[in-house]
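Morning, everyone. Have a look at the structure first.

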Amino acid sequence: MNELTATMKTEEAIKEKIRESRFESINGKDLMEMDLPPLHYTISTLLPHGFFILAGGAKVGKSWLAEQISYAVASGGQIWGYQAIQSEVLYLGLEDTVTRLQSRFGTS
């Protein structure tokens with residue numbers, strides 16, 4: 001097999017992987033007709049179970065918010081008057097020192 005043939009086979013393999021990994025779409029009518037289970041919340045009516053990305057500008061309080069949510073869930077407490085369902089929490093404060101984390105969690 002020459003180099004050109006090998007390159008073409010590689011390109012076809014890549015194209016096939018892309019075709020296989022495409023997201024599926026659904027139109028609004030079909031979505032509204034689906035019988036879906038109810039949402040389950042970690043924080044009542046505010047934060048459903050799932051994976052979320054907390055994004056925002058520098059120094060706007062993302063870490064504080066994540067820490068407050070973590071504390072509310074770990075303790076079964078409240079945040080902004082919303083009840084959290086007590087659960088285990090894995091908080092990865094990768095930019096914080098343990099001293100800063102202790103200080104912040106101590107003021108929650």
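Which elements do the buried residues of H3 pack against? A reminder before the answer: this is a predicted model. The buried residues of H3 pack against strand E1 (41-43), strand E3 (78-79) and H4. The buried positions in H3 are Glu67, Ser70, Ala72 and Val73.

Now the helix itself. H3 covers residues 62-75. At 1.5 Å a residue, its 14 residues should span 20 Å. The end C-alpha atoms of H3 are 20 Å apart, so the expectation and the model agree. After H3 comes Gly76, with a positive phi near 70°.

Next, the helix pair. H4 runs over residues 98-106. The axes of H3 and H4 are 10 Å apart, at an angle of about 60°. That angle makes H3 oblique to H4. The crossing of H3 past H4 is right-handed.

Who makes the contact? From H3, it is Ser63, Trp64, Glu67, Ser70 and Tyr71. From H4, it is Leu101, Arg104 and Phe105. Sorted by class, the H3 contact with H4 has four nonpolar residues, two polar and two charged.

Is Ser70 buried or exposed? Its relative accessibility is 12%, and the cut-off for buried is under 20%, so Ser70 counts as buried. What does Ser70 touch, leaving out residues up to four places away in sequence? Val89, Tyr91 and Phe105. Phe105 is also one of the H4 residues in the contact with H3.

That's my tour. Over to you.

Note on methods:
Residues numbered from 1 in each chain as written. Predicted model: local features only at pLDDT ≥ 70, side-chain atom pairs only at ≥ 80, totals over all residues. Heavy atoms only, no water. Axes fitted to C-alpha atoms, helices over the stretch in contact; angles between N-to-C directions. Helix = DSSP H or I, 4+ residues; strand = E, 2+ residues; numbered from the N terminus. Parallel < 35°, antiparallel > 145°, perpendicular 65-115°, else oblique. Left-handed = near helix turned anticlockwise from the far one by under 90°. Contact = heavy atoms within 4.5 Å. Nonpolar A, V, L, I, M, F, W, Y, C, P; charged D, E, K, R; others polar. Expected span 1.5 Å × (residues − 1). Buried < 20%, exposed > 50% of the residue type's maximum accessible area, 1.4 Å probe, protein only.
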